Amino acid sequence: MTSSLIEARGLTRSFGSVQAVRGLDLDVATGELVAFLGPNGAGKSTSLRMLTTLLAPTSGSATVAGCDIATDPAGVRRRIGYVGQGNGAGHTQRVADELVSQGRAYGLRRREARDRAAELMSALELDALAGRKVQTLSGGQRRRLDVALGLVHRPGLLFLDEPSTGLDPQSRANLWEHVLRLRAEHGMTVFLTTHYLDEADTMAERVMVMDHGRVIADDTADRLKSKHVGERIVVRAAGRDGAARLAAAVATEASDVAVDGRTLTARVENGPATLPALLRAVPDVAVETAEVRRATLDDVFLALTGRSLRDTGSAEPTTETTGA
Amino acid sequence: MSVRTFTTDTSIVLERELRPVTRDPFSVVFSMIQPLIFLGLFTPLLAGVTGASTGASLQAFVPGILVMSCLVGTSMTGSNLQMEMKSGSHERLLVSPLGRPAQLVGRALKEIVPVLVQALIIVAVTLPFGFRVAPAGLLVGLVLLAVTAVGLGSLSYSLALAVREQEWAFWGVQQTLLFPLLLLAGVLLPLESGPGWMRAAASVNPLHYLVDAERALFSGDVASTTVAAGLGAAVATAVLGVWVGTRAMARAS
């Protein structure tokens, strides 16, 4: 056993001439909640599919839950839970049946599998749907069933591939409530991929930003923001030369000072302290509006790549349909 | 993987596959409609052309219809897997500890159930119209159909795994192969009156041997070379299908 629950070294995957993942190095400790954040096509899912033994790496190696993905894929499969991008339950199957089959697949006896199915249905508010065909469930219900399927064998490590894509905001919040509660109850390590900024920001304790098949940043969301973007103050002056005078006054404490017409933007260490001090320093400049802008993970992505995640059209949860 | 794991895993997959069938038995009955239409509309024509009685026509045609319903049903089954590939449930099972060969074999074994149910229904509805069958022959005939169903189902799953989620490719290949296989099996009309090249093509079609064997079996001719050839064809189909299918499933991602 290694000290890390997930340890990857130089993991690479090519599809023809396209390198989807380029030399991924990764260490995830027990108990972490980690997210891969990046635009579609960044290599998030391909990385996850390699770590979960669905896809053989072109080169490199990885140990997941103590088992080598290349030499002991069966060991990895027994120890991990996996919730893929699609819906894990067969459309013509019934909710309880599918949970029982899954329990049997993970080695539970018939009786145990039935008990475990009942337990999970109650934990994920699926009791009332036990006899329903999967194709009649709503998107949120199906996703909860997917999570239940992934937890049948009480895995210590759960992979979630874009868990909330296509869900409405209420269903997303509900799904996360369940995942976080189950994680707290069982001390589960959770590894997810997402292209939703706020999901990575609010849910993950550690964010790995992926772009073009590489991890380009790896830290907590807060540290990523302060390291790569910082806070900005934005002040709009009433008069013509006000912004320039504000810029001169803040210059010693700020970096990236920009004046655009009557608006000053400056990157500072501590916005809430710097902004009032600046306004006091030049009391005769009339100010219309003044605000502190905290960085978002999109700002981080922009600072790192020169592109916005929003430009990929995938950064915000909308009513888009689930990608198959 | 041990033999015990394989059989346990196969039974888990088989049980899962059978659940929708047992929960909705009508799905099997609905897929009966096509062979029954053929029976109802083709038998009178056959009787008219040959001048034979309805009973005699059925005697020639029912074995063919059984093979036809076996081929039609099992060749379509890959589309169920395609649906599972599309939805994500196939992927979920691939990540599970269920052995890959078991995931193919369990699915293929399930094909036996609808094929046998359909065969028994067809025999039952034709008995009042003068169709006669030897019980021992029927029993062996059903075994041959079951073995063939496993092979053909496996091949259909292999096709689905090969073309992945491209439904048009699956149906294109399935439809292209379906009718030549049927016609060259002598299901509708006997091939003896066909040209030499056709008989040559039929001689490499395992379903041709199967149809001949079923005809011999139903008329009570159990221990014959025709039946042995049919058995050989059925087993060869099953071995080929399972071999191709397990390889495809092992590589599935």
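The model is predicted: local features need pLDDT of at least 70, side-chain atom pairs count only at pLDDT 80 or more, and totals for chains, interfaces and linings use all residues. Residues are numbered from 1 along each chain as its sequence is written, while chains are lettered from A and ligands numbered from 1 in the order in which they are written.

Chain A is divided into domain 1 (6-225) and domain 2 (231-294). These bounds come from an automatic or database domain assignment. The C-alpha centres of the two domains of chain A lie 45 Å apart.

An open sheet of chain A has four strands in the order β2-β1-β4-β5, with antiparallel pairing. Helices (H or I, at least four residues) and strands (E, at least two) are DSSP runs, numbered from the N terminus. Two strands pair if DSSP finds at least two bridges between them. The edges of this sheet are β2 (18-28) and β5 (67-68) of chain A, each of which pairs on one side only. β1(A) and β4(A) run antiparallel and are joined by five bridges. Arg9(A) stands opposite Ser61(A) of β4(A). Strand β4 (residues 59-64) of chain A pairs with β5(A) over two bridges, again in the antiparallel sense. Thr63(A) has Asp68(A) as its bridge partner in β5(A). Val64(A) has Cys67(A) as its bridge partner in β5(A). Two residues lie between the strands of this β4(A)-β5(A) hairpin, and Ala65(A) takes a positive phi near 55°.

A further open sheet of chain A has four strands in the order β12-β13-β11-β14, and its pairing is antiparallel. β12 (254-260) and β14 (287-293) of chain A are the edge strands with a single partner strand each, so one side of each is left without a neighbour in the sheet. From one strand to the next, the twist averages 15°. β12(A) and strand β13 (residues 263-268) of chain A run antiparallel and share five bridges. Asp260(A) has Thr263(A) as its bridge partner in β13(A). Helix α10 (residues 271-281) of chain A packs on the sheet and touches β11, β13 and β14 of chain A. Its direction makes about 160° with that of β14(A). Axes are lines fitted to C-alpha atoms, for helices over the stretch in contact, and angles run from 0 to 180 degrees between N-to-C directions. Helix α9 (residues 242-250) of chain A lies across β11 (231-237), β12 and β13 of chain A, at about 175° to β12(A).

In chain B, helix α7 (residues 100-110) packs against helix α13 (residues 225-251) at an angle of about 130°, with the axes 8 Å apart. The two helices α7(B) and α13(B) are therefore oblique to each other. Angles under 35 degrees count as roughly parallel, over 145 as roughly antiparallel, 65 to 115 as roughly perpendicular and the rest as oblique. The crossing of α7(B) and α13(B) is right-handed. A crossing is left-handed if the near helix is turned anticlockwise from the far one by less than a right angle, and right-handed if clockwise. Arg100(B), Pro101(B), Gln103(B), Leu104(B), Val105(B) and Ala108(B) of α7(B) make the contact with Val242(B), Gly245(B), Thr246(B), Met249(B) and Ala250(B) of α13(B). Two residues are in contact if their C-beta atoms, placed from the backbone, lie within 7 Å. By class, this contact of α7(B) with α13(B) has seven nonpolar, three polar and one charged residues. Ala, Val, Leu, Ile, Met, Phe, Trp, Tyr, Cys and Pro count as nonpolar, Asp, Glu, Lys and Arg as charged, and the others, Gly among them, as polar.

Helices α4 (residues 54-76) and α10 (residues 167-183) of chain B cross at roughly 165°, and their axes come within 11 Å. That makes α4(B) roughly antiparallel to α10(B). The contact residues of α4(B) and α10(B) include Met68(B), Leu71(B), Leu178(B) and Leu181(B). They divide into six nonpolar, two polar and no charged.

α5(B) and helix α9 (residues 135-163) of chain B pack at about 35°, with axes 8 Å apart. Their crossing is right-handed. The contact residues of α5(B) and α9(B) divide into four nonpolar, four polar and no charged.

Between the chains, 19 residues of chain B are in contact with 26 residues of chain A. α1 (3-23), α5 (78-87) and α6 (89-95) of chain B each supply at least two residues of the chain B side. That side has seven nonpolar, five polar and seven charged residues.
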